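I opened my notebook to look up a few things in this one. Here is what I wrote down as I went.

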Protein chains: 2
Amino acid sequence: MNAVCKRDILIGIVGGKGRMGNWFFRFLTDAGYQVLVSDMGTELSSEDLARRCHVVIVSVPMEAFSSVIGRIGPLMPKDAFLTDLCSLKAVQVQEMLQNTVCSVAGSHPLFGPAEDSINGRRVALCPGRGNEWFEWWRSLLESRGACVHCTDAASHDRAMAWVQALNHFILISLGKAVFDQGLDMEELVFLSTPSFSKQMEIVARLFYQDPQLYATIQMANPFAANVLHNFLGVCDKLHEAVLRTDRDAFVELFRSAQAAGKTYMDTVGKQTL
Amino acid sequence: MNAVCKRDILIGIVGGKGRMGNWFFRFLTDAGYQVLVSDMGTELSSEDLARRCHVVIVSVPMEAFSSVIGRIGPLMPKDAFLTDLCSLKAVQVQEMLQNTVCSVAGSHPLFGPAEDSINGRRVALCPGRGNEWFEWWRSLLESRGACVHCTDAASHDRAMAWVQALNHFILISLGKAVFDQGLDMEELVFLSTPSFSKQMEIVARLFYQDPQLYATIQMANPFAANVLHNFLGVCDKLHEAVLRTDRDAFVELFRSAQAAGKTYMDTVGKQTL
């Protein structure tokens with residue numbers, strides 16, 4: 001990392017015309033950087049972008065990631081920095097390390113392109129190779145208000161099996177079950193408790209999401225299968241307790257859920273102090 | 001309904017020392033009514049309360065409901081009004097009608113005792129017998145800002161199989177699965193998306209709820225078994241699509257969930273216009 005002044009750092013975004021790529025284009029431009037963009041149909045190719053930029057951010061669908069990194073990684077100079085925005089990190093960081101000699105880190109913005117600002121939003125960073133660019137990238141995100149969490153790629157993916165894979169699984173199943181029943185929606189809304197309203201508000205956020213990305217999040221996370229299996233096992237146990245009208249078994253399951261929710265919110269409270 | 005002036009209407013709450021009963025005691029006192037209360041340990045018995053009051057609100061655990069109605073229903077004068085606050089309505093309205101000759105309605109406040117005010121909160125009312133007291137009760141709730149929805153008891157219970165039984169089922173299963181894994185909660189919170197954070201906030205609301213009430217909501221709703229069965233069927237279908245990495249099947253399920261979420265929120269929008 002020889003460049004020290006903002007205007008000396010040229011940043012390139014591969015996939016910069018996509019929703020998340022464009023979000024980061026605006027973010028970095030606002031932060032005072034020069035930003036180049038390549039995408040399908042741009043005059044500038046990803047290869048030329050990779051040769052010219054000090055920093056390259058890859059924002060492409062996860063299905064295309066390997067092929068993009070295979071093409072641009074080898075073109076990047078040793079003193080450059082390569083990072084990505086994928087929702088998974090173990091395979092992705094490994095592929096970046098294998099295909100380039102420059103500095104590498106994995107980035108996962110834990111928010112979507114519908115957010116106005118990075119302020120207060122979370123970003124996970126997974127170190128790959130090199131400290132200087134990593135610290136530059138972390139400081140840049142933090143200087144604009146992001147809450148950055150550094151973790152290793154496997155821990156990240158393990159957490160994402162809960163935060164994304166299982167969470168999406170539940171929301172899709174609930175939404176699809178509601179859809180199938182052709183319920184009287186007027187009546188359902190009128191009779192909603194605050195808890196159910198909030199649940200359906202989260203389901204409704206799916207409307208702004210890309211089904212292909214969501215498919216990849218379910219199918220490509222190596223920890224997801226186990227988490228889903230455990231969740232469905234708990235569903236079966238709870239279902240049996242209800243069918244047997246076994247109130248004691250029900251209350252025991254309920255108390256564990258209460259404890260998990262309380263611990264989560266207590267931890268949120270500690271982190272926002 | 002002979003009494004016309006507020007101070008002439010004496011209201012009694014059976015179970016008025018419980019959390020919801022006490023909430024309605026404060027609500028009705030604030031609204032300018034005289035309110036008597038009976039509960040375990042009060043000098044005033046539920047029987048005496050039923051003989052003396054123009055309006056009796058029964059706020060007892062659903063397991064105790066039948067026995068309470070069986071004792072107080074027959075004591076109520078013909079020109080009085082009997083209502084309840086149970087989370088289910090079909091059996092409850094029927095039992096009130098069978099045990100008294102006075103006016104009857106079923107009430108289900110779609111909120112818990114943690115709410116500060118009834119303003120903007122929903123209340124379902126199911127007609128039983130008599131119009132005058134029903135209209136008085138509805139007007140009283142609406143005059144304090146409640147959104148009242150009148151429906152028949154079976155439709156109410158059918159909607160509650162979704163709004164309460166299935167919703168709680170999902171929240172308990174998620175909370176219990178998180179609990180079982182002994183996850184690093186600091187890391188899980190740091191790596192939470194807005195969607196997962198909101199989901200865990202809803203799980204955390206269980207902390208303030210009564211497990212016995214939640215057990216009854218699961219076990220006593222005649223429509224719940226079918227709704228749970230359908231939901232678990234969708235879970236299996238989605239799980240299979242993920243295991244087979246069948247992206248087309250996944251996307252089809254995803255699109256239905258998107259449609260359900262969108263329709264729900266559009267309906268919320270129309271109702272709040």
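I started at a strand pairing: Val56(A) has Leu82(A) as its bridge partner in β4(A). Strands here are DSSP runs of E, at least two residues, and helices are runs of H or I, at least four residues, numbered from the N terminus. I count two strands as paired if DSSP finds at least two bridges between them. From β3(A) the chain crosses through α3(A) to β4(A), and this β-α-β crossover is right-handed. That word applies if, with the strands pointing away from the viewer, the path from the first strand over the helix to the second runs clockwise.

Before going on, I noted that this is a predicted model, where local features need pLDDT of at least 70, side-chain atom pairs count only at pLDDT 80 or more, and totals for chains, interfaces and linings use all residues. Residues are numbered from 1 along each chain as its sequence is written, while chains are lettered from A and ligands numbered from 1 in the order in which they are written.

**The neighbours of β3(A)**

I found 4 bridges joining β3(A) to β4 (residues 81–84) of chain A, and these strands run parallel. Another 4 bridges join β1 (residues 10–14) of chain A to β3(A), also parallel. There, Gly12(A) pairs with Val56(A).

Next I checked the two faces of β3 (residues 55–58) of chain A. Val55(A) and Ile57(A) are buried on one side, Val56(A) and Val58(A) on the other. Buried means 20 or more other C-beta atoms within 10 Å of a residue's own; 12 or fewer is exposed, and in between is partly exposed, with C-beta atoms placed from the backbone.

What does Val56(A) contact, leaving aside neighbours within four places in sequence? I got Gly12(A), Val14(A), Leu49(A), Ala50(A), Ile72(A), Met76(A), Ala80(A) and Leu82(A). Contact means C-beta atoms, placed from the backbone, within 7 Å.

The largest nonpolar core has 184 residues, and Val56(A) and Val56(B) have the most contacts inside it. Such a core is a set of buried Ala, Val, Leu, Ile, Met, Phe, Trp, Tyr and Cys residues joined through C-beta atoms within 7 Å.

**A look at chain B**

I then picked Ile11(B), which sits in β1 (residues 10–14) of chain B. Is Ile11(B) buried or exposed? It is buried, because Ile11(B) has 23 C-beta neighbours inside 10 Å.

**Where the chains meet**

Last, I looked at the contact between the chains: 83 residues come from chain A and 83 residues from chain B. On the chain A side, α6(A) gives the most, with 20 residues.

How values were computed. Contact = placed C-beta atoms within 7 Å.
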